[in-house]
Amino acid sequence: MPPHPHRPPELAWQVFRGSDVVRRGLLTRHQLRGASWVRLRQDVYADARLDRDHTLACRAALLRLPPGTLLAGPSAAHLHGVAHAAGFRDDVHVLIPASARADAQPGVRVHQAPSSPERIGLLIPATAPAGSPDTTRNGPSNTTPGRNSPAVGLPSTTSGRDGSAARHRTTVAATAVAEPRPVAGEPSRPSEPSPLLRTEPAVCAWETAVWSDPVRAVGIVDALLRMGRVSRTDLADVADRNAGRPGGRRARWVFGLADPGARSAPESHLRVRLVLAGLPRPVARHPVRGPSGLVLHPALAWPGFRVAVEHDDRRHADPDQLDRHRQRLHQLGAAGWLVPRVTGRRLDREFPALVREIRAALVARGWQP
């Protein structure tokens, strides 16, 4: 049998600074290179059993950032339950206190908080209950006491890629820790929650709208609306508070494109791409009654022109799914709807041709570009 991995109990399921644990005598530099650990970034390591997701990337980034740092934008959206908002290799977006400085890190986008937050006031932090969409499987945020500890929210100023700044309010929320299954002969993960502090859902939606590509941003905002993390009123409020700030008009435009009816990020992305291509805005999951009385909900629809779009991705669908898809297309056609064929290949390689086909269908039904 292979030897049991060497994992000191203090480091099980943890993310930590390599120099710290070597100094404390928990590991040697040679042991750090073993299979029990994974190097995430310079001097930052983790238990190799942890999931490789954006939460882990956030935990790694925070270990080299000043106390009081908040996760923001797409990173905050991921922690609020939008899994597709950011992946393991995507940039981590953070807000740091105005008086703090942070060394440049690859894969970390740093945005600065304002110098006088007390002029606007402080907001009380919210703690996510265990089992909520905020719950993570990745254990405590780090092994450094006091790092990223709970704090009240701050109105902040963030800088985007163009160096512009936008002030807005932020509220802190904490991420709960799910108890893992124990591993024989090793301590289980701690059950006490250790928060990864981030901006509240409405604010992270605003940040995402300002900082991210609009196609991706709308998909994230769609998901926050669909999950009930934000409402239209929340988005309107945060847009109003930031109306005069750089990025305010862009955020309001992104919010206007959002639709909680979208069931997936690809549906959201397709809707925005079609709008950016000059087509009228479609409706997500519009109800269509077929001749048999069955109510269908095509992915996208232009009800006024009786044109709809259904995504047929044959690369991943099983035979039963393909059969149901064909039946849906037949029902929509029998109800008098035109349904141009959309496949993954056409989206990836033939999008201009797809736009022309949808445009022709709309024009045939009376749309005047």
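In what sense do strand β1 and strand β3 pair, and over how many bridges? The views below, all taken from a predicted model, begin with that pairing.

**View 1. Strands β1, β2 and β3.** Strand β1 (residues 15–17) is paired with strand β3 (residues 44–47) in the antiparallel sense, over three bridges, and within this pairing Val 15 has Ala 46 of β3 as its bridge partner. Strand β2 (residues 37–41) also runs antiparallel to β3, to which four bridges join it; here Ala 46 is the bridge partner of Val 38. A hairpin is formed by β2 and β3, with two residues between them, and Asp 43 in the turn has a positive phi of about 65°.

View 2. The pairing of β4 with strand β5 (residues 92–96) is antiparallel and consists of two bridges, with Val 94 of β5 as the bridge partner of Leu 71.

**View 3. Surroundings of Asp 222.** Asp 222 is found in helix α6 (residues 214–226), and its relative accessibility is 0%, so Asp 222 counts as buried, the cut-off being under 20%. The side chain of Asp 222 reaches the backbone nitrogen of Asp 259 at 2.6 Å. When residues up to four places away in sequence are not counted, Asp 222 touches Ala 258, Asp 259, Pro 260, Ala 262, Ser 268 and Arg 271.

**View 4. Surroundings of His 297.** His 297 belongs to the loop between β13 (295–296) and β14 (300–302), and with a relative accessibility of 30% this residue counts as partly exposed. Although His 297 and Arg 285 are twelve residues apart in sequence, their C-alpha atoms are 4.6 Å apart in space. Arg 285 is also one of the residues in contact with His 297, together with His 286, Pro 287, Glu 310 and Arg 328, once neighbours within four places in sequence are left aside.

View 5. The buried residues of α12 are Phe 351, Leu 354, Val 355, Ile 358, Ala 361 and Leu 362. An α-helix has 3.6 residues a turn, so residues three or four places apart point the same way. Turned away from the buried side of α12 is a face that carries the exposed residues Pro 352, Arg 356 and Ala 364. After α12 comes Gly 366, which has a positive phi, near 110°.

**View 6. The protein chain as a whole.** The secondary structure of the protein chain comes to twelve helices and 16 strands, and 49% of its 369 residues count as buried. Among the contacts in the protein chain between residues at least 6 apart in sequence, 65% join residues that are at least 24 apart.

Terms used. Residues numbered from 1 in each chain as written. Predicted model: local features only at pLDDT ≥ 70, side-chain atom pairs only at ≥ 80, totals over all residues. Heavy atoms only, no water. Buried < 20%, exposed > 50% of the residue type's maximum accessible area, 1.4 Å probe, protein only. Polar contact = N/O pair within 3.5 Å; in protein donor to acceptor, adjacent residues only side chain to side chain. Contact = heavy atoms within 4.5 Å. Pairing = 2+ DSSP bridges.
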